[in-house]
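Reader: Can we go through this one together? I'd like to take the strands and then the aromatic rings.

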Amino acid sequence: TWGVMYPEGMSQDEAEALAAQELLFQEPSTPAKLAAGVGRNWPDARGVFATADQGLAVWINHEDHVSIVVARPDGDVAAAFTRLCRAEEALELALRHAGHGFVRDARLGFLTAFPERVGTGLSMKVTMEAPNLASRMDLAALCKAEGLQLVRAPACGTVEVVNAASLGVSEAATVDVVSEACAKLLALAG
């Protein structure tokens with residue numbers, strides 16, 4: 001079986017399982033997202049498709065019309081990217097079959113609801129358990145120098161980073177930059 005679509009809601013256990021894998025989106029609460037209309041008519045007209053193994057989800061009408069999310073607990077970035085590409089290709093094929101497609105500008109790339117994602121539309125977040133790295137006062141600057149943006153680094157030692165650029169860089173180059181940058185950061189952590 002491919003997975004489950006949750007158009008009518010889900011049980012608390014199902015929601016907790018998807019949330020644990022970071023495959024369930026939450027109601028927007030930041031002023032910027034609310035001002036952009038992301039929370040309008042919440043939660044109507046939104047959905048999540050999740051594969052049976054809960055390693056891939058497709059979010060419908062979260063921030064963009066469609067977002068594909070891949071999560072892997074083992075850190076295999078190449079396998080995650082391969083799975084993402086296969087899902088995107090299947091979705092693109094189904095859209096073309098129905099006479100539709102993703103909105104793509106020849107100069108800007110994929111168009112999204114958020115200008116900072118224009119280009120590839122790829123947002124690659126990596127979570128690392130690195131207490132020595134999380135405690136560094138210069139972590140944000142280190143991330144920036146490597147082409148990453150620091151998402152969070154709480155006292156528990158978990159560091160989350162995301163690619164800083166999506167415009168003017170290919171998807172494969174983004175994966176390479178993020179992988180190499182994370183390896184350098186982990187080497188600094190000792």
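Reader: How many bridges join strand 7 to strand 9, and which way do they run?
Author: 5 bridges join strand 7 (residues 125–129) to strand 9, and the two run antiparallel. Two strands count as paired if DSSP finds at least two bridges between them. Strands are DSSP runs of E with at least two residues, helices are runs of H or I with at least four, and both are numbered from the N terminus. This is a predicted model, where local features need pLDDT of at least 70, side-chain atom pairs count only at pLDDT 80 or more, and totals for chains, interfaces and linings use all residues. Residues are numbered from 1 along each chain as its sequence is written, and side-chain values use heavy atoms, with hydrogens and water left out.

Reader: What is the bridge partner of Met-128?
Author: Val-159, in strand 9.

Reader: And strand 8, how many bridges there?
Author: 4 bridges join strand 8 (residues 148–152) to strand 9, again antiparallel. Leu-148 stands opposite Asn-163 of strand 9. Strands 8 and 9 form a hairpin with 5 residues between them, and Gly-157 in the turn has a positive phi of about 100°.

Reader: Is strand 9 buried or exposed?
Author: 6 of the 6 residues of strand 9 (residues 158–163) are buried, so the strand is largely enclosed by the rest of the structure. Buried means under 20% relative accessible area, exposed over 50%, and partly exposed in between, with a 1.4 Å probe and protein chains only. Thr-158, Glu-160 and Val-162 point one way from strand 9, Val-159, Val-161 and Asn-163 the other way, and all are buried.

Reader: Rings now. How many aromatic pairs?
Author: The count comes to 3 aromatic pairs. Rings of Phe, Tyr and Trp (its six-membered ring) pair if their centres lie within 6.5 Å; planes under 30 degrees apart are stacked, over 60 edge-to-face, the rest tilted. One of the pairs is Phe-25 with Trp-42, edge-to-face at 5.8 Å centre to centre and 80° between the planes.

Reader: Where do those two sit?
Author: Phe-25 is in the loop between helix 1 (12–20) and helix 2 (31–35), and Trp-42 is in the loop between helix 2 and strand 2 (47–51), 17 residues apart. Phe-25 counts as buried at 11% relative accessibility, while Trp-42 is partly exposed at 23%.

Reader: What about Phe-25 and Trp-59?
Author: They also form an edge-to-face pair, 5.3 Å centre to centre with 70° between the planes. Trp-59 lies in strand 3 (residues 56–60), so the pair ties together parts 34 residues apart in sequence. Phe-25, Trp-42 and Trp-59 form one aromatic cluster.
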